[in-house]
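Here is a friendly walk through one protein model and its ligand. Have a look at the structure first, then read on.

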Amino acid sequence: MTRRTMLLGTGAVALGASIRTKAHAADFTYKLANNLPVTHPLNIRLKEAADKILEETGGRLKINIFPSSQLGNDTETLSQLRNGATEFFSLSPLILSTLVPNAAISGIGFAFPDYDTVWKAMDGELGAYARGEIEKKGLVPMEKIWDNGFRQITSSNKPINTPEDLKGFKIRVPPSPLWQSMFTAFGAAPTTINFAEVYTALSTGTVDGQENPLAIASTAKLYEVQKHCAMTNHMWDGFWMLANKQAWETLPEDIREIAAKHLNESAIAQRTDTAKVNDTVREQLTQSGMTFTDPDKAAFRETLRSAGFYAEWKGKFGDEAWAILEKAVGTSL
Ligand code: X2X
């Protein structure tokens, strides 16, 4: 008989909760991996969620957070999530598309005009569609997606003002066909690199630029190795909070409910935090030596259109998914 069954066997449920917190290991100790620095709002709110989950489950579920790709880069961690070596992982829908192709639909260039449209879509039909696709591949997504933000292009060697400035530009993109395709459509020279290796790739000059929301440029200290930033807002990106199915279903139902509740609530709080950082950190990055440009976004979008980017991806995602996206963003793409 294990200690856990002995405790239950004595019927010491109320007492057991406090005893377990203090003296015994949790019933379930799960790992949660992500690729962001510990100072990013995602990690701050995740820590908060993990603390509340530990408390409300009376110490039965302990989630240990591994930030900064400590368990491996995103490609490796997605494998670990699938085979159960890691129980939770927050991942961009576009990188997840290497397993769930249509999960990437939320990452179509210039689809979302603003955050209101993003959250209505991702908490509505588009998000439900994506989660359905994810579930079909045997992963469990929490209901609320976390925010990464609208992405901006940074460069070490020149300011980007027009789509022509991207011609031949050596830019890092995350491991995802949609990202590769988008920057190829811009005429750039994209190289796939996991985020875990981005700072080094920029500092050694393997690539001249990258694109990410400002909260990442700031917390991952990309301003140390990047000089210019073009506010292109070319894509909104988030993080699905994913669980390994077997690990999730092993949890008793009350623990699952508590975990989902706090992960979802913290996601909502993190959206506000991240939007605030993305809105205000430009000033701080300027003081750290970055120079900003505010290019005409319509010209970038037009470049994608004339390169056939939208037509190509409509074909890949299919009419059903595309119709859900267009309905969500209220315009034909
Ligand atoms: O890899 C990136 O650039 C990041 C951190 O934004 C994602 O996870 C997609």
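## About the model

This is a predicted model, in which local features need pLDDT of at least 70, side-chain atom pairs count only at pLDDT 80 or more, and totals for chains, interfaces and linings use all residues. Residues are numbered from 1 along each chain as its sequence is written, and side-chain values use heavy atoms, with hydrogens and water left out.

## Around the ligand

Thirteen is the count to keep in mind here: of the 13 residues around the ligand, Asn-35, Asn-148, Arg-151, Arg-172 and Asn-212 come nearest (a residue is near if one of its heavy atoms lies within 4 Å). The shell has six nonpolar, four polar and three charged residues (Ala, Val, Leu, Ile, Met, Phe, Trp, Tyr, Cys and Pro count as nonpolar, Asp, Glu, Lys and Arg as charged, and the others, Gly among them, as polar).

Ligand oxygen atoms lie 2.7 Å from a side-chain N or O atom of Asn-35, 2.9 Å from a polar side-chain atom of Arg-151 and 2.6 Å from a side-chain N or O atom of Asn-212. Taken alone, the ligand exposes 260 Å², and the protein buries 100% of that (Shrake-Rupley method, 1.4 Å probe).

## Two loop residues

Ser-68 is not a glycine, yet has a positive phi near 50 degrees. Ser-68 sits in the loop between β2 (61–66) and α4 (74–83), and counts as partly exposed because its relative accessibility is 41% (buried means under 20% relative accessible area, exposed over 50%, partly exposed in between, with a 1.4 Å probe and protein chains only).

Phe-110, also not a glycine, has a positive phi of about 60 degrees. Its relative accessibility is 10%, so Phe-110 counts as buried.

## Helix α8

Helix α8 (residues 177–185) has Leu-178, Trp-179, Ser-181, Met-182, Phe-183 and Ala-185 as its buried residues (helices are DSSP runs of H or I, at least four residues, and strands of E, at least two, numbered from the N terminus). Just after α8, Gly-187 takes a positive phi of about 85 degrees.

Note on methods:
Polar contact = N/O pair within 3.5 Å; in protein donor to acceptor, adjacent residues only side chain to side chain.
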